[in-house]
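Here is a short report on one structure. Keep the sequence and the 3D view open as you read.

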Amino acid sequence: MNSIPRTALDCQAISEAFLALHERDGFARLPPSSLLHDSVPMSFVMSAGLIQVENDLDEIVAETGGKFAFTQPCFRHFDMQQVGADPTRLSLFHMSAAFHIGSTERETVLPRLWYFLTEVLGLEKERLWITYLDDAEFGRDEASYQCWKTLGIAEERLVGLGQEHCFWRQRSTGQIASDGKKCGPHTEVFYERDVACPACKNREQPLGNCRCGRFVEISNSLFIENYIDDNGKLIAAGTVFAECVLGLERTEMVLRGLPSVYHVRRFDQWREQICMGISCPDLSQQQALNITLDHLSAFVKLTKDGAPAPGQGGRKYIMRKLAREAMNQLLQCKLDVLSLMNALMEDQDQKSLALLQEEYVRFNRHVQLVNKNTRYVSHDYR
Ligand SMILES: [Zn+2]
């Protein structure tokens, strides 16, 4: 496979390259799922996991031989407050994922990933760092460690971390996993950017724990070999699997040398339109802009997938928070919210615009109430 010019590598191109490579290796390409899924009735799909295919897993395994890949939009409402706090955090983001049901062979997953990152995408090997499980209780993930060594990763770039960093446990049993919670070691790939941060430079903390954005986690490979019972005892899983995921916005950011994930191509048009109203954005305005881009894009995508109008409780409340936080940020920048919404939504579906206009009327009432009575300042939109 030829490598692609780095400047051309936006999320869409990276996703296409990831899926094409996996198709070459016998993986079936599946479509993404809606962000509205029965298994998360109060919220939305949060990651590119098995949840999207779990209900039809037997059928899909029969059709694909257990090897399939897809690119999934993910939305994490609990990350909304973190948006803008560092260069890498979005509430709505995209992940490409490849699953191999019935195998946890590192010898196929990790070399393919390494080839993809360094040959297909052309990421510099000397900027990549790897973490793997090395834990007092669960031991060392020897298979991953040896595989990375064989691929030529220098010892000092292979970072062993405990279970709090490199051991995944399913949080709930979900709909169909009646046999316990899945768990297993994972191994992550970080990209090192040119960010002056003494704490990170001197490796005073685990990779990726710092907000500076020097080390950016771009990929994670998970090997499910066990279930864990309520007492923390591991039970060998009947069906093992490997999952390899890639964060698309973060990968585009490091490939194109962008300052943050808020500068990826999918935001370009909106960024330009909002910036027209701000002559020279200062730091707090840039922050406001980043939050607005994230929240509005999430609002539009969720609306397209059938999310309810902003309101009270559950999904409605999440929609309200997205809309009002974005509006609040635009107001802080002294921008005309309504005309800006009109301009931004011109190329989007008109349902989002109508919902935002209605919500703005209610939001305005709320803001006026706040202004009238300064004792009452609240960001609680319920
Ligand atoms: Zn740092």
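K334 is exposed, because its relative accessibility is 74% and the cut-off for exposed is over 50%. The model is predicted. K334 sits in the loop that links helix 11 to helix 12 (337-344). Its phi is near 60 degrees, a positive value in a residue other than glycine. For comparison, most residues other than glycine have a negative phi.

Now look across from K334 to I278. These two residues are 56 residues apart in sequence, yet their C-alpha atoms are 8.7 Å apart in space. I278 belongs to the loop between helix 9 (268-275) and helix 10. Is I278 buried or exposed? I278 counts as buried, because its relative accessibility is 7%. Beyond its neighbours within four places in sequence, I278 is in contact with Q285, C333 and L335.

## Two packed helices

Two packed helices are described by the angle between their axes and the distance between the axes. Helix 10 covers residues 283-304, and helix 11 covers residues 314-332. They pack at an angle of about 150 degrees. Their axes are 8 Å apart. The crossing of the two helices is left-handed.

Which residues of helix 10 meet helix 11? Helix 10 brings A288, I291, T292, H295, L296, A298, F299, L302 and T303. Helix 11 answers with M319, L322, A323, E325, A326, Q329 and L330. The residues of this contact divide into 11 nonpolar, four polar and one charged.

Helix 10 also holds N290. At 10% relative accessibility, N290 counts as buried. Leaving out residues up to four places away in sequence, N290 touches V83, Y262 and R271.

## The zinc site

Four cysteines coordinate the zinc ion: C197, C200, C210 and C212. Each uses its SG atom, at 2.2 to 2.4 Å. Along the chain, the donors follow the spacing C-x2-C-x9-C-x1-C. C200 lies in helix 7 (residues 198-201), while C210 lies in the loop between helix 7 and strand 9 (215-228), so the pair ties together parts that are 10 residues apart in sequence.

Why is the arrangement around the zinc ion tetrahedral? The four donor atoms subtend angles of 103 to 115 degrees, which makes it so. The rule asks for all angles to lie between 85 and 135 degrees. The ideal angle for four tetrahedral donors is 109.5 degrees.

C200 counts as buried because its relative accessibility is 6%. C210 counts as partly exposed because its value is 23%. The cut-off for buried is under 20%.

## Buried polar and charged side chains

E252 is found in helix 8 (residues 248-255). Glutamate counts as charged, and E252 is buried, with a relative accessible area of 1%. What does E252 touch, apart from residues up to four places away in sequence? The list is L9, D10, C11, I14, L258, V264 and R265.

N220 is found in strand 9. N220 is buried too, with a relative accessible area of 18%. Beyond its neighbours within four places in sequence, N220 is in contact with H186, T187, E188, E243, C244 and V245. N220 and I235 are 15 residues apart in sequence, and their C-alpha atoms are 23 Å apart in space.

G26 is found in the loop between helix 1 (11-24) and strand 1 (28-29). G26 counts as partly exposed, because its relative accessibility is 44%. G26 and S15 are 11 residues apart along the chain, with 17 Å between their C-alpha atoms.

L35 has its place in the loop between strand 1 and helix 2 (51-54). How buried is L35? Its relative accessible area is 0%, so L35 is buried. Leaving out residues up to four places away in sequence, L35 touches F44, V45, P73, C74, F75, L92, K301, L302 and D305. The C-alpha atoms of L35 and I60 are separated by 20 Å, and the two residues are 25 residues apart along the chain.

Definitions and conventions:
Residues numbered from 1 in each chain as written. Predicted model: local features only at pLDDT ≥ 70, side-chain atom pairs only at ≥ 80, totals over all residues. Heavy atoms only, no water. Axes fitted to C-alpha atoms, helices over the stretch in contact; angles between N-to-C directions. Helix = DSSP H or I, 4+ residues; strand = E, 2+ residues; numbered from the N terminus. Left-handed = near helix turned anticlockwise from the far one by under 90°. Contact = heavy atoms within 4.5 Å. Donors = N, O, S within 2.8 Å, 3.2 Å for Na, K, Ca; no water. Tetrahedral: all angles 85-135°; square planar, octahedral: opposite > 155°, others 65-115°. Buried < 20%, exposed > 50% of the residue type's maximum accessible area, 1.4 Å probe, protein only.
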